[in-house]
Amino acid sequence: MMATRAQQRTDRAEPVRSGEQGRDFEFTSADFTRIRELIHRGAGISLSDHKRDMAYSRLARRLRARSLDSFKQYLDLLEAENDPAEWEAFTNALTTNLTAFFREAHHFPILADFVTRRAQPVSVWCSAASTGEEPYSIAMTLIEALGETGARQATVLATDIDTQVLAKAEAGMYQFDQVKHLSPERLKRFFLKGTGAHAGMVKVRPQVRAMVRFEQLNLTDRDYQLRTQFDAIFCRNVMIYFDKPTQAQVLGRFEPLMKSGGLLFAGHSENFTYVTQAFKLRGQTVYELTRDVAGARAPTRTAATASSTSTSGVTI
Ligand SMILES: C[S@@+](CC[C@H](N)C(=O)[O-])C[C@H]1O[C@@H](n2cnc3c(N)ncnc32)[C@H](O)[C@@H]1O
């Protein structure tokens, strides 16, 4: 049977030659394997075979920026120099940052209902915040649920491994197209309309931005250096890039960071039921930390966390 062109390329570790498919740099199967190992080690991301072209096009920019001729040269340099800035650029290049305001909308009424029944002030961690649409949607939901005054004490920690998306998130500026599906009430309450040079743009209002703190955090780090507990953790559409052992490690690190009865929000295609016993499914892609696990593993409670009351068994 005739092998397809793609199969031939994979099977024989054939290099993609300069000029082939309009490519400027030599890119072999060995290079792709090395990239996969490095990004898995650094960020937990498992790149599947069909991400080969994506890896080429995104990293080719790094080769141009460094005036290099081949992927081998770039990867050698990346490992030899061990330059944090190049590792950051490498990681930023390989993340996928698709997101939207009020994405997977069914989660937000659940969050709104949940926070009204929690001890105040509530804290939410958005652990793969990308360009900010998700943490701002969370902050907007807290304002709607708790009122402007109630929400003033609430906090949203927004983290991501990718420093480039975090910079965009912090700016809080978006194209109007990205918010046009929101209700007129939300648009008016939470956004400022750009004029002049910023026509066609919107900016998240300062009172929403003030609730959100952005920080870089790698979910595969051993210690997140977080010394607080959260009422809710959003970890949506990032675990799909991790293999099962990595998912289990991340979920294990979430456990002591959740207040009793805390909720974990997952992405639409993510299922943690077979990964951990600690989180029980309570609704569509919403998990609750089981109380015994929270009690057994919680770190020394700080004054901030000691005031929280258990609302285990919430209705979703
Ligand atoms: C597809 S976006 C999802 C954004 C948002 N959570 C949503 O559901 O709309 C995935 C995000 O996970 C981030 N990410 C990937 N690996 C990560 C890691 N090891 N630690 C933290 N964030 C990571 C990426 O940078 C990206 O912004």
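Start where Ala 55, Arg 58, Leu 59, Arg 61 and Arg 62 in α3 meet Ala 89, Phe 90, Ala 93 and Leu 94 in α5; contact here is C-beta atoms, placed from the backbone, within 7 Å. By class, that contact has 6 nonpolar, no polar and 3 charged residues. (Ala, Val, Leu, Ile, Met, Phe, Trp, Tyr, Cys and Pro count as nonpolar, Asp, Glu, Lys and Arg as charged, and the others, Gly among them, as polar.) Keep in mind that this is a predicted model, where local features need pLDDT of at least 70, side-chain atom pairs count only at pLDDT 80 or more, and totals for chains, interfaces and linings use all residues. Residues are numbered from 1 along each chain as its sequence is written.

How do the axes of α3 (residues 52-65) and α5 (residues 84-94) run? They come within 9 Å and cross at roughly 150°, so α3 and α5 are roughly antiparallel (an angle over 145 degrees, on a scale from 0 to 180 between N-to-C directions). Helices are DSSP runs (H or I, at least four residues), numbered from the N terminus.

Next, look at α6 (residues 107-116) and α7 (residues 133-152), which pack at about 50° with their axes 9 Å apart. That makes α6 oblique to α7. The residues of their contact divide into 8 nonpolar, 3 polar and 1 charged.

Methods
Helices (H or I, at least four residues) and strands (E, at least two) are DSSP runs, numbered from the N terminus. Angles under 35 degrees count as roughly parallel, over 145 as roughly antiparallel, 65 to 115 as roughly perpendicular and the rest as oblique. Two residues are in contact if their C-beta atoms, placed from the backbone, lie within 7 Å.
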